[in-house]
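Welcome, and take a moment to turn the model around on your screen before reading on. We will start with one residue, look at its surroundings, and then step back to the whole chain.

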Amino acid sequence: MTIIEAPPRPDLVGRATELVDLIRKHAPWQEENRTLHEEVLRGLVDSGLLRMTVPAHFGGSVPDARTVCDVVAELGRGDGSVGWTMSTWTIGAWMAGLFPDEAQDEIFADPEVRICGSIGPNGLAVPTDGGYVLNGKWHFNTGSPQSQWAVHASLMETGDGQIAPATIAVPMSELTVVDDWHTSGLRATGSVTTIAENLFVPQARVLPMLPVILNNQHLSERNADYQAWRMPFLPFAVAVAGSPALGMAQAAREAFFERLPGRKITYTGYELQVEAPLTHLQVAEAAVKLDEAEFHLNRQAERLDTKAQNGETWTLQERALARMDAGAVCQRAKESVDVLNTASGGSSIYSHVPMQRIERDVQAINLHGVMHPNTNAETYGRVLCGLEPNTDFL
């Protein structure tokens with residue numbers, strides 16, 4: 001089978017770096033308005049980064065997993081909410097690339113299409129002539145107010161009295177949006193609730209989740225030879241979704257050292273914080289935690305690329321390890337941010353100081369159900385002990 005190569009890495013990562021200043025400029029506005037600023041959105045579109053996992057047939061760049069993770073982490077360095085939103089749109093486009101080619105022709109007809117979605121099966125699709133009737137309610141739909149399509153998980157009646165999980169692509173214009181995203185962290189992601197009511201969905205836009213998505217039995221003929229779509233969904237998705245956490249920890253380090261010169265430690269004899277042994281211990285600990293987060297992300301990305309390139313099957317242990325690596329990225333990044341936040345003093349709680357926003361954002365990503373470090377560590381430990389993983393999301 002021919003593997004189609006990806007373009008060079010530095011180009012896409014460099015474009016992400018060029019957007020960091022613009023993203024940081026609008027970060028306060030984005031948090032206040034709970035969505036991405038139009039200039040930031042335009043920057044993502046014009047840079048071509050939103051087309052990373054769009055199929056090449058529609059003008060996508062289809063890079064390797066390491067590049068995708070590096071780009072998303074770099075955007076998260078600008079603002080965690082931008083990184084998280086970008087991870088959702090990237091995963092959404094990748095998932096759309098699994099659908100039959102006729103469905104992709106419809107989804108990717110708009111060259112600037114943005115695709116949100118969720119993996120919790122919170123709907124029910126009932127068979128009807130030519131497709132299904134969908135009803136459901138999905139929370140945490142990142143980026144949906146600025147998306148044109150959603151790829152939602154649902155339960156599906158199979159016609160033989162059984163129910164199976166499925167993934168369904170629907171236009172955002174056919175969903176009801178509930179503006180309920182009022183949160184302490186990742187506020188700018190616009191992760192509102194969407195509702196489907198008696199919505200007809202053609203057969204081509206409904207994919208069985210277990211054989212197709214979780215086990216890589218994809219239905220697209222055009223994408224079959226691309227390395228990107230030879231990766232299993234969950235290991236790829238959690239790697240991309242963990243990437244913003246690394247960027248947040250990098251941003252916290254930059255924010256701390258920007259404020260360090262001239263700062264003192266109040267109510268002590270240290271007129272300069274930089275001279276205190278405590279500061280030396282704190283920045284060293286934070287740096288080690290950041291290095292550990294980067295290690296886990298890079299290990300997972302390299303595993304994705306290597307196994308896809310070689311056509312290797314994923315074992316159950318490797319799938320569980322992918323979840324564990326994603327949880328470790330989030331946990332170590334949070335630990336790094338926590339140390340620097342503690343060292344930042346009382347003045348860091350002002351809303352104009354980035355550290356407080358980074359602290360809240362990295363806490364939010366650690367609470368995500370699929371990224372949760374404790375849950376993922378338990379799953380990996382169960383598999384190591386020879387037990388069933390207690391989840392289908394591997």
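Leu186 is buried, with a relative accessible area of 5%; here buried means under 20% relative accessible area, exposed means over 50%, and partly exposed is in between, using a 1.4 Å probe and protein chains only. You can find Leu186 in the loop between β6 and β7. Its phi is positive, about 50 degrees, although Leu186 is not a glycine. Most residues other than glycine have a negative phi.

Before going further, please keep in mind that this is a predicted model: local features need pLDDT of at least 70, side-chain atom pairs count only at pLDDT 80 or more, and totals for chains, interfaces and linings use all residues. Residues are numbered from 1 along each chain as its sequence is written, and side-chain values use heavy atoms, with hydrogens and water left out.

**A partner in the loop**

Which residue has a side chain that reaches the backbone oxygen of Leu186? It is Thr189, at 2.8 Å. The side chain of Thr189 also makes a polar contact of 2.7 Å with the side chain of Ser191. A polar contact is a pair of N or O atoms within 3.5 Å; within protein, one must be able to donate a hydrogen and the other to accept it, and residues adjacent in sequence count only if both atoms are side-chain atoms.

Thr189 is in the loop between β6 (176-178) and β7 (192-202). Helices (H or I, at least four residues) and strands (E, at least two) are DSSP runs, numbered from the N terminus. Leaving aside neighbours within four places in sequence, Thr189 is in contact with Arg34, Ser81, Trp84, Thr85, Thr142, Gly143 and Trp181, where contact means heavy atoms within 4.5 Å. Thr189 counts as buried because its relative accessibility is 2%. Between the C-alpha atoms of Thr189 and Glu112 there are 18 Å in space, and the two are 77 residues apart in sequence.

| Residue | Relative accessibility | Class |
|---|---|---|
| Ser336 | 1% | buried |
| Met156 | 6% | buried |
| Arg77 | 14% | buried |
| Pro202 | 25% | partly exposed |
| Tyr267 | 83% | exposed |

Let us visit them in turn. Ser336 belongs to helix α9 (residues 316-342). Not counting residues up to four places away in sequence, Ser336 touches Ala249, Ala286, Lys289 and Leu290.

Met156 sits in strand β4 (residues 149-157). With residues up to four places away in sequence left out, Met156 touches Ala125, Tyr132, Gln162, Ile163, Ala164, Ala166, Val206 and Pro208. The C-alpha atoms of Met156 and Leu98 are separated by 18 Å, and these residues are 58 apart along the chain.

Arg77 is part of helix α3 (residues 65-78). Beyond residues up to four places away in sequence, the residues that Arg77 touches include Thr17, Arg24, Gln250 and Glu254.

Pro202 lies in strand β7. Apart from residues up to four places away in sequence, Pro202 touches Gly130 and Gly131. Pro202 and Leu44 are 158 residues apart in sequence, with 31 Å between their C-alpha atoms.

Tyr267 is in the loop between α7 (233-259) and α8 (277-310). Phi of Tyr267 is positive, near 65 degrees, in a residue other than glycine.

Which residues of helix α2 (residues 38-47) are buried? They are Val40, Leu41, Gly43, Leu44, Val45 and Ser47. After α2 comes Gly48, with a positive phi near 85 degrees.

**Stepping back**

Now zoom out. The protein chain has eleven helices and eight strands. Its radius of gyration is 21 Å, close to the 21 Å that the globule rule gives for 394 residues, so the chain is as compact as a globular protein of that length. This radius is taken over C-alpha atoms, and the globule rule is 2.2 Å times the number of residues to the power 0.38. Along the principal axes, the C-alpha atoms fill a box of roughly 80 × 45 × 40 Å.

How many of the 394 residues are buried, as a percentage? Buried residues make up 55% of them. Among contacts in the protein chain with a separation of 6 or more, 73% are between residues 24 or more positions apart.
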